[in-house]
Amino acid sequence: MLFKLTDEQVMIQAMVREFSRKVIAATAAERDRTKEFPADNLKKMGELGLMGMMVPAEYGGEGADTISYVLALSEIAYSCASTAVIMSVHNSIVCQSILRYGTEKQKSKYFKPLCTADMIGAFALTEPQAGSDPVSQNTTAVRDGDYYILNGTKRFTTTGQNAGLVIVTAKTDESARHRGISAFIVTKKTSGFSVGRVEDKMGLRASDTCDLNFDNCRVPVEDRLGKEGEGFKIAMTALDGGRIGIAAQSVGVAQAALDAAVQYTKKREQFGQKISKFQGLRWIIADMATELEAARQLMLSAAALKDSGEKFTAQASMAKLFASEMVNRVTAKALQLHGGYGYVTDYPVERFYRDARVFTIYEGTSEIQRMVIANHIFKDKRGH
Ligand code: CAA
């Protein structure tokens, strides 16, 4: 199916493109250097409706469809991948999980500050010893009257340091394996909750990634998300949507890298002519554009499937797998086409290359996506 966007989707894309290239792009290189969290820009994005895009209007969101959301996210990623990953986790994983599994009280309490970006959301599943295999997590949640007492450490939490709200998974019943994991909404001021080590990363440097520590952290029972034992399913469902978001980030960064390469090769002269005239380099550009377009179509078809209400797990993994591997090839080629200039910070392609590297890793490695896709094909697991 080739996508014909609706007028509304085209309008949203155009609006975000203009905002992104004017406002978000202005400080992206500087933030990469200083690691300054884009709190001011996120607030502006909240005002534009980009921080609660798929949250229904009755809760303060935009009620947009997933296609509009991925188009918007790609446009933000075009200018600043750090800002895009914050937007992605916040919208795809956090808001969607509360929308799907939250109580009315949770929705009316948390959506307002989330949609305005007065509160940024994070998602804490991974632990030092449990990355690709989150069922092996060790964080525990023990019921104590009207509270759960959480103990453990979460690792590699995107936005963990700057988030006002974190969805945390923890074991409520060790013996039940994945069915013994529950999810909790933990807010910043909760006693026993603290930010641990903050990672120093090769890319996405304006988005913090950190450890979160839970030391007898008391979470009210009313802040459990979903039923007891439903946490793993909540996390997997959230990641299905999140993975389309990683495809969108990949498409945005790849488009930026392609545009930079086209611009550079049209200006740079060697051997007496613009290097864009050399067939060898033109073919590289043609290949970059072709695989970018293939990734865009996969992203859109996974988003459309999600919007249709059908199961989209395998398509989300396919979009994530292909797009994240594509952007690593495309940014590497863009850098190569810049020659020595690609390797220095005067040009943005080295940042694109560094930022894209983690896309094949976070929200499930390429290897995990292949497992999910193969399970779906063979249907010897549950074939979501
Ligand atoms: N939707 C709903 N439920 C699902 C599901 C899905 N997509 N996938 C699995 N489940 C359910 C299954 O139905 C099953 O439940 P029941 O027994 O009740 O039916 C249960 O989950 C276990 O399923 P599996 O046996 O298939 O699970 P598994 O242990 O083999 O793991 C996996 C499957 C796909 C490998 C999964 O563990 C996985 O996705 N791993 C990667 C984790 C990941 O992406 N981590 C990134 C974290 S976030 C991050 O990077 C940073 C950040 O800040 C965002």
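**Notebook: ligand shell and a helix pair**

I looked up which element gives the most to the shell around the ligand, and helix 6 does, with seven residues. Helices here are DSSP runs of H or I with at least four residues, strands are runs of E with at least two, and both are numbered from the N terminus. I note that this is a predicted model, where local features need pLDDT of at least 70, side-chain atom pairs count only at pLDDT 80 or more, and totals for chains, interfaces and linings use all residues. Residues are numbered from 1 along each chain as its sequence is written, and side-chain values use heavy atoms, with hydrogens and water left out.

**Ligand**

I found 28 residues surrounding the ligand (a heavy atom within 4 Å), and the closest are Ser 132, His 178, Arg 179, Arg 243 and Glu 363.

I then checked polar contacts, meaning pairs of N or O atoms within 3.5 Å. The side chain of Arg 243 has an N or O atom 2.8 Å from a ligand oxygen. For Glu 363, a polar backbone atom is 2.8 Å from an oxygen atom of the ligand. Thr 313 places a polar side-chain atom 3.5 Å from a ligand nitrogen.

Strand 3 (147–158), helix 6 (231–267) and helix 10 (366–378) are the elements that give two or more residues to the shell.

**Helix pair**

I looked at helix 4 (residues 81–101) and helix 5 (residues 104–116), which pack at about 160 degrees with axes 10 Å apart. Angles run from 0 to 180 degrees between N-to-C directions, and axes are lines fitted to C-alpha atoms over the stretch in contact. Helix 4 and helix 5 are therefore roughly antiparallel (over 145 degrees).

Note on methods
A polar contact is a pair of N or O atoms within 3.5 Å; within protein, one must be able to donate a hydrogen and the other to accept it, and residues adjacent in sequence count only if both atoms are side-chain atoms. Angles under 35 degrees count as roughly parallel, over 145 as roughly antiparallel, 65 to 115 as roughly perpendicular and the rest as oblique.
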